[in-house]
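Here is a short tour to read alongside the structure.

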Amino acid sequence: MSLLNIFKSGKALDRGVHVPEYKEQTAHLPIRRLPFAPMLVVPLSQHAGAPAVAVVREGQEVVRGEPLAKEDGFMSVPMHSPATGRIEKIGLAPSVRGELAPAIYLKPYPSSSQEVLYGAPQDIQNMTPDQIVSAVQRTGAVGLGGAAFPTHVKMRPPKDARLDTIVVNGCECEPFLTTDPRVMLEQPAEVIQGTRIAMKCLSVPRAVIGVENNKMDAVEALRKALGSETAITVEAIEAKYPQGAEKMLIKVLLNREVPSGGLPSAVGVAVFNVATLAQIGELLPVHQGLIERVVTITGPAVSKPGNYLTALGTPLRFALQQAGCTDETASVILGGPMMGPSISSLDVPITKGVTGILVMGRADFNHRPDRIYPCIRCAACVDVCPLHLNPSRLGMLARKHEYETMESQFHLMDCFECGCCAYVCPSHIPLVQHFRVAKQMNRERKARERETAKA
Ligand code: SF4
Ligand code: SF4
């Protein structure tokens with residue numbers, strides 16, 4: 001199996017694409033716990049927003065669940081100890097972005113029972129929305145679908161927003177990944193509990209959980225957990241990529257269109273990932289922090305694929321060894337093949353936003369086309385773009401370095417880099433790479449303009 005084949009065997013359709021799923025390797029495997037690595041590396045920035053600030057010192061003993069770092073302002077979350085052990089050092093560690101970033105090195109005690117000793121029951125029913133927002137922030141919860149956006153920030157929408165519906169994303173539309181389906185199957189009560197908490201916090205009367213119709217077992221598990229409750233519904237929707245994208249999901253479930261440059265709150269909606277709400281449903285009632293998550297480890301180069309409950313801070317090298325991959329030359333993608341970044345260092349730790357690890361042997365990883373051809377204006381990319389952008393035009397402007405025009409006239413910033421356009425392009429034009437470069441160039445230009453204005 002190769003990524004080239006994935007790219008060739010898919011079928012385009014109106015908005016989005018049908019891609020081969022490749023989920024059979026792990027879809028049926030129950031969640032099981034990965035052992036603790038001899039050293040855990042907990043980055044202080046695992047989320048969108050300001051990095052957390054360490055509150056422990058080198059040599060200190062910590063227990064599992066104890067705060068290691070506190071949030072730095074509202075747009076930030078704390079970190080909690082993923083294991084009982086000793087702080088070895090606070091220093092730099094490799095990160096997903098390729099650069100070194102501050103992290104806490106924690107050596108778990110092998111003889112510890114690793115029981116979570118922090119936390120106490122709290123009465124959510126009698127909390128105000130502000131109290132719930134603060135409590136959610138204290139859990140360190142972020143979007144577990146990959147974005148790692150602080151969950152409590154989503155629970156306090158803009159003041160002028162009039163929300164009436166929560167949309168819960170249970171699609172997991174990326175090939176290979178099976179984290180969310182397993183969470184829905186094994187923790188449906190927690191998903192529902194987390195949804196109720198979000199509804200209470202946002203004073204929203206209804207919630208819709210969208211699940212692709214290739215996961216009917218998850219639909220049934222959630223409906224069974226709901227019982228006679230009618231404020232929350234579970235909808236089975238067409239399986240296609242990227243059905244889990246916020247704007248697509250809102251359109252298919254509620255027939256509302258989020259305006260260009262706008263947030264879901266503009267159409268009265270807040271969107272949460274299903275695993276995120278399961279974590280809230282599990283952690284908030286007992287006042288505990290986020291210290292582990294489910295990660296799908298899969299791909300042709302893995303002999304023991306699975307859905308692993310993994311301590312945050314586990315180095316990729318250790319996780320891959322446990323999953324039966326010892327090929328140091330394998331190509332590793334964090335997340336799915338459509339949007340996940342390739343990783344160059346196996347010393348990178350697993351963080352809150354890591355949904356999966358896809359491992360391809362050298363022979364499998366051959367998605368680069370031999371040649372890039374000129375655009376033939378077939379409009380296939382325009383037909384599949386879920387956001388109704390014009391990727392062909394954007395690509396042409398990128399080649400001419402007209403980055404500002406891409407943003408001001410062709411809505412570059414609406415592109416969330418789903419890859420559908422590049423997937424269907426018969427000329428193999430690396431459209432998404434062009435768009436990433438353009439966004440980065442625009443960011444740098446704006447930063448320069450801000451500096452000039454200050455001077
Ligand atoms: S332009 Fe962006 S949003 Fe549209 S298909 Fe391409 S990558 Fe996806
Ligand atoms: S799919 Fe490729 S060749 Fe066709 S219009 Fe888009 S960029 Fe051009």
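## The core and what surrounds it

In this predicted model, the largest nonpolar core has 126 residues. Those with the most contacts inside this core are Val 42, Val 274, Ile 357, Val 359, Cys 420, Cys 421 and Val 424. Domain 1 (124-286) and domain 2 (371-454) both give residues to the core, so it lies between them.

**Overall build**

- The protein chain has a secondary structure of 14 helices and 19 strands.
- Its radius of gyration is 22 Å, close to the 23 Å that the globule rule gives for 455 residues, so the protein chain is as compact as a globular protein of that length.
- If you are thinking about a box, the C-alpha atoms fill one of roughly 60 × 60 × 50 Å, taken along the principal axes.
- Of the 455 residues in the protein chain, 48% are buried.
- Among contacts with a separation of 6 or more, 71% are made by residues 24 or more positions apart.

**The two domains**

- The domain assignment of the protein chain gives domain 1 (124-286) and domain 2 (371-454).
- Seven residues from domain 1 and eight residues from domain 2 take part in the contact.
- On the side of domain 1 that touches domain 2, there are four nonpolar, two polar and one charged residues.
- Taken over C-alpha atoms, the centres of domain 1 and domain 2 are separated by 30 Å.

**Around ligand 1**

- There are 14 residues around ligand 1, and Cys 385, Cys 415, Cys 418, Cys 420 and Cys 421 come nearest.
- Helix H13 (420-424) and helix H14 (431-454) are the elements that give two or more residues to this shell.
- Sorted by class, the shell around ligand 1 holds 12 nonpolar, one polar and one charged residues.

**Around ligand 2**

- Ligand 2 is surrounded by 15 residues, the closest being Cys 375, Cys 378, Cys 381, Ser 392 and Cys 425.
- The elements that give two or more residues to the shell around ligand 2 are helix H10 (380-384) and helix H11 (391-399).
- H11 provides the largest share of this shell, three residues.
- By class, the shell around ligand 2 splits into 11 nonpolar, three polar and one charged residues.

**Helix H2**

- Helix H2 covers residues 129-139, and its buried residues are Ile 132, Val 133, Ala 135, Val 136, Gln 137, Arg 138 and Thr 139.
- The cover over the buried residues of H2 includes helix H3 (151-154), helix H5 (188-202) and helix H8 (274-283).
- Just after H2, Gly 140 takes a positive phi of about 75°.

**A close look at Val 332**

- Val 332 is found in strand E17, which runs over residues 331-334.
- Leaving out residues up to four places away in sequence, Val 332 touches Leu 316, Ser 342, Ile 343, Leu 346, Ile 357 and Val 359.
- Val 332 and Leu 117 are 215 residues apart along the chain, and their C-alpha atoms are separated by 35 Å.

Methods:
Residues numbered from 1 in each chain as written. Chains lettered and ligands numbered in written order. Predicted model: local features only at pLDDT ≥ 70, side-chain atom pairs only at ≥ 80, totals over all residues. Near = placed C-beta within 6 Å. Helix = DSSP H or I, 4+ residues; strand = E, 2+ residues; numbered from the N terminus. Nonpolar A, V, L, I, M, F, W, Y, C, P; charged D, E, K, R; others polar. Buried ≥ 20, exposed ≤ 12 C-beta atoms within 10 Å, placed from the backbone. Contact = placed C-beta atoms within 7 Å. Domains from an automatic or database assignment. Core = buried A, V, L, I, M, F, W, Y, C linked by C-beta atoms within 7 Å. Rg over C-alpha atoms; globule rule 2.2 N^0.38 Å.
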